[in-house]
Amino acid sequence: MAILTIDIGGTAIKYAVMTEDADILRRGSVPTPQTGRGALIDALAALYADTPEAEGIAIAMPGIIDTENGYCAMGGALRYNDGFHLRRALQEKCPVPVCMENDAKCAAMAEARLGALRDVEDGFVIVLGTMIGGAFIKGHRLHRGKHFSAGEVSFINTVRDGHPVPENVWGNRCGASGLCAMYAQRKGLNAENVDGVQVFAALDGGDADAAAALRDYAREVAVQIFNIQNILDPERFAIGGGISARPELVEAIREQLEELYGACPYPVPHAEVTVCRFRNDANLYGALQCYLAQRG
């Protein structure tokens, strides 16, 4: 069986034709439409038209996703998907089974079935991307929650006396662009002109501001891992997203966690932190796993 697996991101749609055994037969990417849901459905339908061997479609996408009804309650980085019965619209053009799931939950399924969380009962995935994806694996199974939003750590309010407006929620402060913003602030640059490649190139060159920005960024991530650990007590955290490919990031998070534990006067459990096995492909592998689980 060939499954068309699709990872809808804020700027690009990655796709792969995969077997049930998670072998990738071919892959590619196209730009994510920014004009609206109609253009998105057309783009997805075009991918299906180019893969006549596909017997089903597995989708990872941002937002709060009702997997049972194929409904996007909130579109995350693609707000035009708010309140959208995407599966119904897509099946009008693609007459095959369609499974859709939140992208971070897909990443967690990939790691739970095949990757860094395979040997633990309870684990948590944090994806440092456009915002921050989160998902909780409980008893080897994906925990979705009553409103399909379990693990939605992007919306954690980071300011004690502030409202959860965009600048105060964790997803905006510590998505991958958050590291760039911290570096830009130290350099007196416009954050829109700084990307992760530039920050890590500066870090490789011994730039003290880049090192300090990484430390500050890792500290904010570590604080929330500390909090999540004390609420859910998972056995392991797996960090994903493009910047997780840099070993300095996870090492910095571990160092900041150790500082927090060292300063804590209570005997709290310590979080184990590792990197996602599938990195940028986690959503594709996880979408396949969600599809197989849903299809039984």
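Two strands count as paired here if DSSP finds at least two bridges between them, and the strands themselves, like the helices, are DSSP runs numbered from the N terminus (E, at least two residues, for strands; H or I, at least four, for helices). Before we use these terms, a word on the model: it is predicted, so local features need pLDDT of at least 70 and side-chain atom pairs count only at pLDDT 80 or more, while totals for chains, interfaces and linings use all residues. Residues are numbered from 1 along each chain as its sequence is written, and side-chain values use heavy atoms, with hydrogens and water left out.

Let's start at strand β1, residues 2–8. This strand is joined by 6 bridges to β4 (residues 54–61), and the two run parallel. With β2 (residues 12–19), β1 pairs in the antiparallel sense over 7 bridges, and 3 residues lie between β1 and β2 in the hairpin that they form.

How enclosed is β1? Buried means under 20% relative accessible area, exposed over 50%, and partly exposed in between, using a 1.4 Å probe and protein chains only. Because 7 of the 7 residues of β1 are buried, the strand is largely enclosed by the rest of the structure. A2, L4, I6 and I8 point one way, while I3, T5 and D7 point the other way.

Next, look at M74, which is found in strand β6 (residues 71–74). M74 has a relative accessible area of 15%, so it is buried. Leaving aside residues up to four places away in sequence, M74 touches P62, G63, I64, R79, D82 and F155, where contact means heavy atoms within 4.5 Å.

Finally, the aromatic rings. Rings of Phe, Tyr and Trp (its six-membered ring) pair if their centres lie within 6.5 Å; planes under 30 degrees apart count as stacked, over 60 as edge-to-face and the rest as tilted. The count comes to 4 aromatic pairs. In one of them, F124 and F237 have ring centres 5.8 Å apart and planes at 45°, so the pair is tilted. This pair links distant parts of the chain, 113 residues apart: F124 in β8 (residues 123–128) and F237 in β11 (residues 236–240). Both F124 and F237 are buried, and together with F136 they form one aromatic cluster.
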